[in-house]
Amino acid sequence: MAMQSSIVYLDYNATTPVDDRVLERMFPFFKQQYANPSSPHLFALQAQEEIDFAQQDLAHLINCRASELTFTSGATEAINMAIKGLTYGHRKHIICASTEHNAVLECCRYMETKGYAVTYLPVDKDGIIDLKTLENSITTDTALVCVMLVNNETGVMQDIPSIATLTHQAGAWFLCDATQAVGKIPIDVKQMQIDFMPISAHKFYGPKGIGALYTNPAIGSLEPLLHGGRQQQGMRSGTLNVPGIIGIGTAAAIAKQEMTNQNKLILTLRDTLEKSILEIDETFVNGHLHKRIFNTTNISLRGLHSQEMILALGNIAVSSGSACSSVTHRPSPILQAMGLKDEDNLSAIRFSLGRFTTDHDIDYTLDRIKKIVTKLRG
């Protein structure tokens, strides 16, 4: 097969390219419709109206009211807002899965320094939480349970409605990090009984630097992280990122319309890639084979180091785990929590596909991987 000079991008869980339609919709808000929406004049009111439309589109994607969304700089800020801003009262216990994203784990570690007790729930070898273990971990002191919908490294999906039910039965609130799920699969925050849900636009073809926090109105107000001009009902002060908000709204509208058909195509490509890689000796998938999102596969190639493979792949963009931690070249804490030995952990590669992945990308990648594995093992 002929060499390809352009990038073959299979790292969509780290970030997605901005869709051209999103970019086109954003452009006027940099140069023509640049007003600060908090100003009192007509020019500003027009900007605010466009923000309202974008907020409605995002709300429609997850089935909530626009007023239940607060715009942030991304999911990390949204997670910090929820965990640090919640009024805990007399309850001083938090539960989170051991395979959560660092944004959740680090917030929980911060809360421990403030006198809160945190239980880090184990997962099984497939990355799934045992509901009985969760139930036994919840006490009358539990205020918040944090479990992500889709794992960023393995794609493994948790039984969110059941987890939420157990949480609410104990009178606690439920935070579900759906950063890797929003815009990819249907989400209904009401049906799934989610109280807090962080969102990040750059995971579903919107721009970086804009996200949102869904908050169940029954929670009431949060203690804000940012104090200032009291924008967004005082939840998050600061001049609104108008182009970013237009971008996340447009990305949400496109996802709502195209999600179903797109997912089938991506699933077919993911399965083709996975099946062919597993034909190589000493390879296996990390995570549950069925309870996972359609675009992700995490595969260990035993006896090889993932960083060596990634360098050898060159113009094929894949990763060895979370974009936030893969630069450390250390075993993935998520795969460690699943019981993977360090040797197999360090040989794991995450392939995450997306809207612009093609048949040619997969064929080219498979050809390169087989040649590189033969060379490195030889």
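Glu50 touches Arg25, Phe29, Gln33 and Ile246, leaving aside residues up to four places away in sequence; a contact here means heavy atoms within 4.5 Å. Glu50 sits in helix H3, residues 42-62. Helices (H or I, at least four residues) and strands (E, at least two) are DSSP runs, numbered from the N terminus. At 17% relative accessibility, Glu50 counts as buried. Buried means under 20% relative accessible area, exposed means over 50%, and partly exposed lies in between, with a 1.4 Å probe and protein chains only.

Before I continue, a word on the source. This is a predicted model, in which local features need pLDDT of at least 70 and side-chain atom pairs count only at pLDDT 80 or more, while totals for chains, interfaces and linings use all residues. Residues are numbered from 1 along each chain as its sequence is written, and side-chain values use heavy atoms, with hydrogens and water left out.

Let us turn to the whole protein. The protein has 12 helices and 12 strands. What radius of gyration would a compact globule with 378 residues have? It would be near 21 Å, and the protein has 21 Å, which agrees. The radius is taken over C-alpha atoms, and the globule rule is 2.2 Å times the number of residues to the power 0.38. Along the principal axes, the C-alpha atoms fill a box of roughly 70 × 55 × 35 Å.

Of the 378 residues, 57% count as buried. Among the contacts with a separation of 6 or more, 74% come from residues 24 or more positions apart. The protein exposes about 16,400 Å², and carbon and sulfur atoms supply 53% of that area. Accessible areas come from the Shrake-Rupley method with a 1.4 Å probe; for residues, only the protein chains shown count as cover.

Next, helix H4, residues 75-85. Is this helix largely enclosed or open? H4 is largely enclosed by the rest of the structure, because 9 of its 11 residues are buried. Among the buried residues are Glu77, Asn80 and Met81. The buried residues of H4 pack against S2, helix H5 (102-113), strand S5 (142-146), strand S6 (173-175), S7 and S8.

I now come to the aromatic rings. A search of the whole structure finds 5 aromatic pairs. Rings of Phe, Tyr and Trp (its six-membered ring) pair if their centres lie within 6.5 Å; planes under 30 degrees apart count as stacked, over 60 as edge-to-face and the rest as tilted. Tyr205 and Phe356 form an edge-to-face pair, 5.8 Å centre to centre with 90° between the planes. This pair links distant parts of the chain, 151 residues apart: Tyr205 is in the loop between strands S7 (196-200) and S8 (211-215), and Phe356 is in the loop between strand S12 (348-352) and helix H12 (359-377). Tyr205 is buried, at 7% relative accessible area, whereas Phe356 is partly exposed, at 40%. Ring pairs link Tyr9, Tyr12, Tyr205 and Phe356 into a cluster.

Finally, two loop residues with a particular backbone angle. Asn63 is a residue other than glycine with a positive phi, near 60°. Asn63 lies in the loop between H3 and strand S2 (69-72) and is partly exposed, with a relative accessible area of 39%. Arg230 also has a positive phi near 60°. Arg230 lies in the loop between S8 and helix H8 (242-277) and is exposed, with a relative accessible area of 58%.
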